[in-house]
Amino acid sequence: KHAFTTNSLFDTDDVIYFKDSTLNWLEIGRQGNVFTKKIFGLLWFNPYFTGALCLVLFSSAVILLCRLFQMAGIGKNRLALWIFAMAFMASPVWVYQFYFTVQWFEIVWALFLKIFIVVMFWMMFLVKDWHRQPKCRMAVLFLLETLLLVWVFSSYQAFVPMFLALCAGVYLAGLSSDTGSFDAGEQLRRIAWMSGVFLAAFIINTVVPSRFFMPDDYLTGQVLWGVWETKEILRQLAVYFVKSHLGMGIAYSWLMGIAAFFAALQVLRVILMKTKDWKYKFLYAASMAVVWLSAHMLTIYAGTVTVIRSQLAYPFVMAFLLLFVLEQTGGRRTKPDDSLKRRGVCLALSFLAAAGIWGQLGDAFRLWYTEDMKDKMDMAVVQKVINQVDQLGLGAEPPLAIVFVRGDSLRINRACIDTNADLSIGVSCWERVNEQPNRLVRMIENHFGVSYQRADWEKVYRAREISRDMPSYPKEGYVQVREDLIVIKMSDQYE
């Protein structure tokens, strides 16, 4: 249903009515989104067409991801693959990200592209003596993978840690499934190739925006290291790690804690194995650590919990660790008794995973329900406001500027989730009146076909002062003409 939503959505309202609008993407490091829109002819946003494309593309990305795991040597346990797919797709993190439908296709395309790049890696690695291929061919392949990865990174910065998690996870899958003799040289060559492509793409994506665009501090401005006391930052990070692993918060699941615990046990088991080379043990533990850390990389970098929609690595890492642990416990066959124990552990983990996924699905759909109820309330109040303005008798196109004063959240039913912390899902358009009053005027015009005059900031500040003695919504008289302004007071809250 929400793939084709026409709800009033933050940012989407700014482009759905205007052709060729790309918001401020060039300034905040999302040049890849602009390129994607132009390549696919999506500069005039169409929620129905975009929704249909994304449903197909997101499903295709997950299918390709599962196929990639099979190429790397895991995924023989089909139940584990299904659990991975469901845990990954059902995460509420995607709800927060896909709320911004204006960039939905761009995000899903970058996700698909990122997976495709790693598929290219692995197809090359599976070729015998791949590193001995002609240098020209290798150089072209390296350049192509780098440019594609630049496209990914410039679409959304949160794909950087997610790409690291994917590379480390697939590498770990290949390492653990290799039944032949351990070849340290081959393993290092794989790491060198993936690291080289990553570093080249990261550097290009860092240098190009600062050289040819006008980057702002959209990401770096969120960093609190050096701004807050280190002790306080570490305290917040500790709280975050507890919450993100115990499922304390709508975006998180206790499955992360379960998966991380059993993954740590798996690492310990490998370290204690006497038949394995110390280099193998080091690479195994290091790659697992990279996978786990990638889920929290942005939060550590910022020194504070980043917005939920940016934590895209979290659902992937959680789902991958579940897949890997299930594969390692249920996929091996040694002694009969040992095999029985492993099957028992695998079955128990599968039931736990199913319960966790069920909980995630409930939270995800409850978030969409909250958004629907919010939109219904918003539109009902907007209609009341339009009726009150009509009763002023100023005609179909009032000659006076309209100013909204003191917006506030609307009361919705208890089945909804309080999500104000993330300023997206379930947040009323009236809450943004204080920061962007004319944005709401523009939305009302485009949604309801009315024609209103907008006010500059001088008039907005004046309206806030002259409205102090006015009643607020929904009391009679909350819409008045004062000093050649149509003042609409939505709340009594003043700074």
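## Briefing on a predicted protein chain

The protein chain exposes about 23400 Å² of surface, and carbon and sulfur atoms supply 62% of that area. The structure shown here is a predicted model, and its secondary structure comes to 17 helices and four strands. Of the 495 residues in the protein chain, 53% count as buried.

**The chain as a whole**

- Taken along the principal axes, the box filled by the C-alpha atoms of the protein chain is roughly 85 × 50 × 45 Å.
- If we take the contacts in the protein chain between residues at least 6 apart in sequence, 76% of them join residues that are at least 24 apart.

**Helix 11 and helix 12**

- Two packed helices are described by the angle between their axes and by the distance between the axes.
- Helix 11, which covers residues 254–271, packs against helix 12, which covers residues 278–294, at an angle of about 170°, and their axes are 9 Å apart.
- Because angles over 145 degrees count as roughly antiparallel, helix 11 and helix 12 are described as roughly antiparallel to each other.
- On the side of helix 11, the contact is made by Ala260, Ala263, Gln266, Val267, Val270 and Ile271, while helix 12 contributes Tyr280, Lys281, Tyr284, Ala285, Met288 and Trp292.

**Val270, a residue of helix 11**

- Val270 is found in helix 11, and with a relative accessible area of 3% this residue is buried, since buried means under 20%.
- Not counting residues up to four places away in sequence, Val270 touches Tyr280, Lys281 and Tyr284.
- Val270 and Arg189 are 81 residues apart in sequence, and their C-alpha atoms are 22 Å apart in space.

**Val127, a residue in a loop**

- Val127 lies in the loop between helix 6, residues 104–125, and helix 7, residues 135–153.
- With a relative accessible area of 39%, Val127 is partly exposed, because that value falls between the 20% limit for buried residues and the 50% limit for exposed ones.
- From Val127 to Phe261 the separation is 134 residues in sequence and 35 Å in space, taken from C-alpha to C-alpha.

**Helix 2 and the residue that follows**

- Helix 2 covers residues 31–39, and its buried residues are Gln31, Gly32, Asn33, Val34, Thr36 and Lys37.
- Just after helix 2 comes Gly41, a residue that takes a positive phi of about 65°.

Methods
Residues numbered from 1 in each chain as written. Predicted model: local features only at pLDDT ≥ 70, side-chain atom pairs only at ≥ 80, totals over all residues. Heavy atoms only, no water. Helix = DSSP H or I, 4+ residues; strand = E, 2+ residues; numbered from the N terminus. Buried < 20%, exposed > 50% of the residue type's maximum accessible area, 1.4 Å probe, protein only. Contact = heavy atoms within 4.5 Å. Areas by Shrake-Rupley, 256 points an atom, 1.4 Å probe, with all protein chains shown as cover. Axes fitted to C-alpha atoms, helices over the stretch in contact; angles between N-to-C directions. Parallel < 35°, antiparallel > 145°, perpendicular 65-115°, else oblique.
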